[in-house]
Amino acid sequence: MEEIKIFAPATVANLSCGFDVLGCCLQNVGDEMLVKKNDLNELRITKITGADLPMEIHKNVAGVAVLALLERLDSKQGFDIEIDKKIRSGSGIGSSAASSAGAVYAVNKLLDDPFTSKELIEFAMQGELLASGNAHADNVAPALLGGFSLVRSYDPLEILALPAPSEIRMVVLHPMIEIKTRESRAIIKQNVTLASAIAQWGNLGAFVSALYTCDYELMGRSLHDAIVEPVRSILIPYFDDLKKLALDKGALGFGISGSGPSVFAMCQGDTAAEEVRAGFVDFLQDKEMGFELHVSEINKSGIRIL
């Protein structure tokens, strides 16, 4: 195989109770990438559409992720990468992760799969390091594995794939403002109280249990952030109003997607998701605020070949 075209999905990270360790994969939102072998022994980004991003390999998240993979293999094979960005940069739904994960997935396929999907996470994390200053895996893991992912440990890296109950629907709202991950991380407190930590541990454990038992009510009770949301939510217009609206319309829970400004409402079934979606539309149109909305099932397979 000399070239491959792939769909690299958007993701929702943190999910309230799992800062930097929990994420899920969306079904119908994502980038497209075309990767071709070349005979130049050179890695090149030859085309980017949909966003103004650097073409230089060492300044692009896809470039540094693939470099890490090729260096591990000591491979001189050259590749040309074309990226069609459909996930807005700084939107909070894994734009950099889609590029990083998609690029290493495609190159791995063209090299006859020397690495498993889980092994590719380590390379994709190098793109996240460039984008945010932190090599987190809660976006790239679900993009590569599909479904829900839990980072049990970063050193050594250990990622667990979690089940995705079929009735979960994610309503993702992106207010048309941009919040850079690096800047959003900078305002987070580096120390937390024991009481907050205990609350967060309990919610994360309960949420994982709820995924295995399909206990949607427990999922909703667990989607609570005692540590990060109180700080980051002040950056997002109408956050408290949107949260109340979503819960009043029947959402299981509501929170910040990644570093924001996107927010998510997790719902059980299509009817509840549509109620929340329509409520968001009415509210934001009344405020005359620009936005994008996505309603998605959980993507259980992750990146796919087109």
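## Bonds, burial and surface

The count of disulfides here comes to zero, a disulfide being a pair of cysteine sulfur atoms within 2.5 Å. Cys24 shows why: its closest cysteine sulfur, in Cys25, is 7.7 Å away, too far for a bond. Cys267 is in no disulfide either; its nearest cysteine sulfur is that of Cys24, 12 Å away. Cys24 is buried, at 0% relative accessibility. Cys267 is buried too, with a relative accessible area of 0%. Buried means under 20% relative accessible area, exposed over 50%, and partly exposed in between (1.4 Å probe, protein chains only).

This is a predicted model: local features need pLDDT of at least 70, side-chain atom pairs count only at pLDDT 80 or more, and totals for chains, interfaces and linings use all residues. Residues are numbered from 1 along each chain as its sequence is written, and side-chain values use heavy atoms, with hydrogens and water left out.

Turn now to the charged pairs. The model has 13 salt bridges, each a side-chain nitrogen of Lys or Arg within 4 Å of a carboxyl oxygen of Asp or Glu. In one of them, Arg44 meets Asp80 at 2.7 Å, N to O. This pair links distant parts of the chain: Arg44 is in strand β3 (residues 43–49), Asp80 in strand β4 (residues 78–84), 36 residues apart. Helices (H or I, at least four residues) and strands (E, at least two) are DSSP runs, numbered from the N terminus. Arg44 is partly exposed at 29%, whereas Asp80 is buried at 13%.

A second bridge joins Asp270 and Arg169, with the closest N and O atoms 2.6 Å apart. Asp270 lies in helix α10 and Arg169 in strand β7 (residues 168–175), so the pair ties together parts that are 101 residues apart in sequence. Asp270 is exposed, at 52% relative accessibility. Arg169 is buried, at 10%.

Next, strand β5 (residues 148–154). Ser153 sits there and is buried, at 11% relative accessibility. The side chain of Ser153 reaches the backbone oxygen of Pro156 at 2.6 Å.

Finally, two exposed residues. Trp201 belongs to helix α6 (residues 194–213) and counts as exposed, at 59% relative accessibility. Glu288 lies in the loop between α10 (269–286) and β10 (291–297). Glu288 is exposed as well, at 74%.

Technical notes
A polar contact is a pair of N or O atoms within 3.5 Å; within protein, one must be able to donate a hydrogen and the other to accept it, and residues adjacent in sequence count only if both atoms are side-chain atoms.
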